[in-house]
Amino acid sequence: VSTQSTGSLYFIDASMPNLIVSCTFNPPVITLIGSTLREETVHKLEQRLPTVTTTAASPKRDVAPKFVLHKDPAYWRIELGQQFCDHLGRSMLYLTIIEALEAEDWKLRASNSMMHHDTQKDTNKFFFTRA
């Protein structure tokens with residue numbers, strides 16, 4: 001598994017033709033696991049995601065949330081702590097993610113939703129393949 005940054009790509013696993021996006025609420029936590037992503041896509045999501053939550057109008061924090069690359073297995077994760085998403089905010093978050101990934105030729109193929117009864121959080125997963 002390669003987890004290095006070149007000038008334009010962040011490699012997670014170049015051999016994997018799929019990308020899974022997991023969104024857990026609340027607060028929103030977004031995880032990206034799978035194939036390569038362009039650096040500009042990761043930065044676009046870092047900029048846009050905090051602005052589409054339901055509480056985006058709240059006072060800004062000193063440090064904007066950033067995606068963090070975790071290893072073994074390799075995946076990107078951003079936590080939007082101190083933010084909240086009602087159903088409209090979630091839809092806006094999903095739309096932002098889908099648009100950013102479609103610009104990189106990813107196509108949404110399936111989705112899944114589940115409720116964690118022990119924590120009262122829910123997770124929505126989106127499964128993408130390269131077009």
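Leu 19 stands opposite Phe 128 in strand β8. The model is predicted, local features require pLDDT of at least 70, side-chain atom pairs count only at pLDDT 80 or more, and totals for chains, interfaces and linings use all residues. Residues are numbered from 1 along each chain as its sequence is written, and side-chain values use heavy atoms, with hydrogens and water left out.

Strands (E, at least two residues) and helices (H or I, at least four) are DSSP runs numbered from the N terminus. Two strands are taken as paired if DSSP finds at least two bridges between them. Strand β8 (residues 121-130) is joined to β2 by 8 bridges, and the two run antiparallel. Strand β3 (residues 29-34) is also antiparallel to β2, with 6 bridges between them. Here Thr 24 stands opposite Val 29 in β3, and a hairpin of 3 residues joins β2 to β3.

Aromatic pairs were assigned to rings of Phe, Tyr and Trp (its six-membered ring) with centres within 6.5 Å; planes under 30 degrees apart count as stacked, over 60 as edge-to-face and the rest as tilted. This rule gives 2 aromatic pairs. The ring centres of Phe 25 and Tyr 94 are 6.1 Å apart with planes at 75°, so this pair is edge-to-face. Because Phe 25 belongs to strand β2 (residues 18-25) and Tyr 94 to helix α2 (residues 87-102), the pair ties together parts 69 residues apart in sequence. Ring pairs link Phe 25, Tyr 94 and Phe 126 into a cluster.

Burial was assigned by relative accessible area (buried under 20%, exposed over 50%, partly exposed in between; 1.4 Å probe, protein chains only). Phe 25 is buried at 1%, and Tyr 94 is buried at 16%.
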